[in-house]
Amino acid sequence: MAARVFLQSDWFKVLWKNEGEAWISCKIPGKPTLYGSLKCQAVDPDGLPEITASEGFEVLEVTKKSIHVSCPDENTSSKFLAPFTSFSQIHDKSVTCLDISGGGGLGVSSSTDGTMRVWQTNNGEKRRQLSGHMLEVNCCRFFPSGLVVLSGGIDTLLKIWTVENGSCAATLKGHKGGILDTAVVEKGRHVVSSSRDGTARLWDCLASTCLTVVADCETPVNGIAVGTADSRIDLGSPNQSSSLQEAGTEGKIMLLAREDRTLQGVALQNKSPVFVFNGSSAFNCCTFLSNSYVVAGTQDGDIYYLDMRNTCSPLQTFHRSGAPVLSVIPFKDGFMASQGDGSCFLIQHDLDHVIELTEPDCDPVYKVAIWEKTVYTCCRDGVVRKYLLSEL
């Protein structure tokens, strides 16, 4: 684990005031943690603060919403980004899942208060309440059209919703345990789901039926993802018995982030195993970076970067803290991840520093969604935050 810079969670509120001061630290493996402070000496006419750092730290750059700080002796730095805006009125309790429509104008989120709502991304105004699950909703996402929402609940049900009027267009029944994750295949004729019952299922949305059990893992499947496989990856022989209803599943791999410390790849069409990778602890989430590369996060804070063509060992393992990795999502040539200690960060291969999305104070960030250069996060503190990467 490399040295890591930490900054006071409300730094952007404190340091934008004359003589404001915020703590900073650098956690160094095998050495004592270095502690220091940042201080605002003055604020210029454009509203930018002049910030100085205590011994051991250096301020490299300040913009209206970000600050880049280094610890030169440890050759490490981080750029901290403040929220562009925050929405605290969408739900009354912890927000556990969210997604953004393909056009970027609408968000959907679910909460421990039992609600699932559609809202405007420009101001957080609530547009629709999607009511019908008997208990809490674990996961929700838009179809590619942005006009339809898929949700999965503790009540074992998947539901498909029309955003236009908030009505439930279909209910998919078949799981025997709470739904933990979902994914949409191509344009949305098919969806897949995973559950505490240990199964991952493929569904026909038009017929509202389960076409097949893609995998029966005998352990909860915490997260799933579907992607197109590189032509060099062996997906087995096409299943001649596959029905026309399963059209669109050819050439696809489903990733399964399993509770038994296993990340598994399965051919979606014929259900044949593609790879199995054993991690350090339970896998919580997974995503495709390309048709060959994937990343997956575990309960003890490891993030594995894997080549599906050879999963004997990871290409790289990231470990920034021991907190559970709760969400991973691709972005350009890297990925964004969130953890149970309130951290949310962007790692890109062309950057020599990590970008940290800040403000949650140790509250888990459950989910991250990206639309173009805008990032949305949901947190245990009940707030949906919006960050502009263009502010960097």
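This tour moves through selected strands, aromatic rings and loop residues of the structure.

The model is predicted, so local features are given only at a pLDDT of at least 70 and side-chain atom pairs only at 80 or more, while totals for chains, interfaces and linings use all residues. Residues are numbered from 1 along each chain as its sequence is written, and side-chain values use heavy atoms, with hydrogens and water left out.

Begin by selecting residues 293-298, which make up strand S26. Strands (E, at least two residues) and helices (H or I, at least four) are DSSP runs, numbered from the N terminus. Five of the six residues of S26 are buried, so the strand is largely enclosed by the rest of the structure; buried means under 20% relative accessible area, exposed over 50% and partly exposed in between, with a 1.4 Å probe and protein chains only.

Two strands pair if DSSP finds at least two bridges between them. Within this pairing, Phe 283 faces Thr 298 of S26. Four residues lie between S25 and S26, and the two strands form a hairpin.

Then select residues 302-307, strand S27, which runs antiparallel to S26 and is joined to S26 by five bridges. Here Gly 297 stands opposite Ile 303. S26 and S27 also form a hairpin, with three residues between the strands, and in this hairpin Gly 301 takes a positive phi near 95°.

**Aromatic rings**

Select Trp 11, Phe 12 and Trp 16, which together form one aromatic cluster. The structure holds nine aromatic pairs; rings of Phe, Tyr and Trp (its six-membered ring) pair if their centres lie within 6.5 Å.

Now turn to Arg 320, which lies over the face of Phe 345 at 4.4 Å from the ring centre. A charge sits over a ring if NZ of Lys or CZ of Arg is within 6 Å of the ring centre and within 35 degrees of the ring normal.

**Two glutamates in loops**

Most residues other than glycine have a negative phi. Select Glu 19, in the loop between helix H1 (11-14) and strand S2 (21-27): Glu 19 has a positive phi of about 70°. Is Glu 19 buried or exposed? At 59% relative accessibility, Glu 19 counts as exposed.

Finally, select Glu 359, in the loop between strand S32 (354-357) and strand S33 (365-371). Glu 359 has a positive phi of about 130°, and Glu 359 is buried, with a relative accessible area of 17%.

Key. Phe/Tyr/Trp six-rings, centres within 6.5 Å; stacked < 30°, edge-to-face > 60°.
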